[in-house]
Amino acid sequence: MKKELDELLKQALTPADEPDFWLNQRILNQAKETNRMNMKKARRIPAAAIAAAVVLGAGSVSAYAAWKYMAPEKMAENVKDYALMKAFQGEDAVTVDERQSYGGYDVTLLGIVSGKNITQYRRESNGQVVEDQTYVAVAIENSDGTPMPKTSDDAYADLSFCVSPLIKGYDPNRYNVVTMRGGYSEFEEDGILYRLVECDNVEIFADHGLYLCVSDGMFYNQEAYQYDEATGEITRNDGYEGLNALFSLPIDVSKADPQAAAEYLTSLEDDEQEDDADDSKELSPEDAKAEEWMQNLTPENIEEYAQRVESTVQILTPDEDGYVDYKYDLGDDGSGSGSLCVDDYFPDGKAGMSKFFGFSHSEGMEGMTVTTFTLQDDGKVLFAVYVPKETQSE
């Protein structure tokens, strides 16, 4: 019923003639929101972690969007970033209000703003304060009208979206929100998930063409999009059955700065080299021992060297896309959660324990935990955590 009401209101509020763009800007920037969020969550993407569409034009849905969605400045206020709130109210902010629907989700690009010192929260990269940033505001909701989970709900942990600016002419596998030092804050209100995405200022690439991808999964999904190396174009993979929205970011070409763009790309390459250098640093004897222990661990010998923590054993049922989600809690010894594609871990489809293990530790063997996945005959996956026998508490 709510979904039908939304569509009726959209039709009633959509004007037959498209109004002036800046009039839309002023109307939206003055829209008042009275709802308060229930809870917010902020996440930083680790630097080391490396469908027919319903597309409604900016002018044609502005009145509808102003009624239904929270304005970007209100989103910033809800995460208590008052400098960003003022930036979204400023003349440099662009309201978009374009919606696309794929993979069971409606995604609305609400607005974008870029500039120096537009946030009150200090952000650092390589020990230096990052002052020049881009913020993008999006809303994500279920296409069937069911509410998105609140950030305090257990089901929230099962949600995973990647929202990332992309640059025409540059391989999105290398240049995305992760490498562009990104992060995000998000919260749920009235069944809609709102996300504010931040990254380094992408206006300097305005002469190339800029996109915003919104897909399922935490990181850029190369299966969801296609990159043409000859033309530099990035397009949706029409054969992908999940969420893979792709918007064009309406950034004024006059904002481009080719020299700054070249310097920025060089800095990203330097960061990549530094990461590679860090990865190649000699391990301490204790860490080297832990790495060697893991390298020698196999499904055939794991019972000899490690003991299963029975409290972590779970039977996981793959979803329609072939993914399973897991979560475990070892109390003072740590906890974890994640998601994996069954086909990736069991490419031959044979029952048995996967040779791909996940593991974590602090120093040496201290705090070592190994996550295992075993495919059963019925297609379900048995998940379990193992710990080295010598560190297993009595």
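**View 1. The whole chain, from inside to surface.** Of the 394 residues in this chain, 45% are buried (under 20% relative accessible area, with exposed being over 50% and partly exposed in between, using a 1.4 Å probe and protein chains only). This is a predicted model, where local features need pLDDT of at least 70 and side-chain atom pairs pLDDT 80 or more, while totals for chains, interfaces and linings use all residues. Residues are numbered from 1 along each chain as its sequence is written, and side-chain values use heavy atoms, leaving out hydrogens and water. You will find nine helices and 20 strands here (DSSP runs, H or I of at least four residues for helices and E of at least two for strands, numbered from the N terminus).

**View 2. The largest nonpolar core.** This core holds 40 residues, and L109, I140, F161, F205, L212, V214 and L243 have the most contacts inside it. A nonpolar core is a set of buried Ala, Val, Leu, Ile, Met, Phe, Trp, Tyr and Cys residues joined through side-chain atoms within 4.5 Å. Among the elements giving two or more residues to the core are strand 3 (105–116) and helix 6 (258–280).

**View 3. Around F205.** Beyond its neighbours within four places in sequence, F205 is in contact (heavy atoms within 4.5 Å) with I167, Y170, L210, A261, Y264 and L265.

**View 4. The hairpin of strands 15 and 16.** These strands pair in the antiparallel sense over seven bridges (pairing takes at least two DSSP bridges). Five residues lie between them, and G331 in the turn has a positive phi of about 65°. D325 has S339 of strand 16 as its bridge partner.
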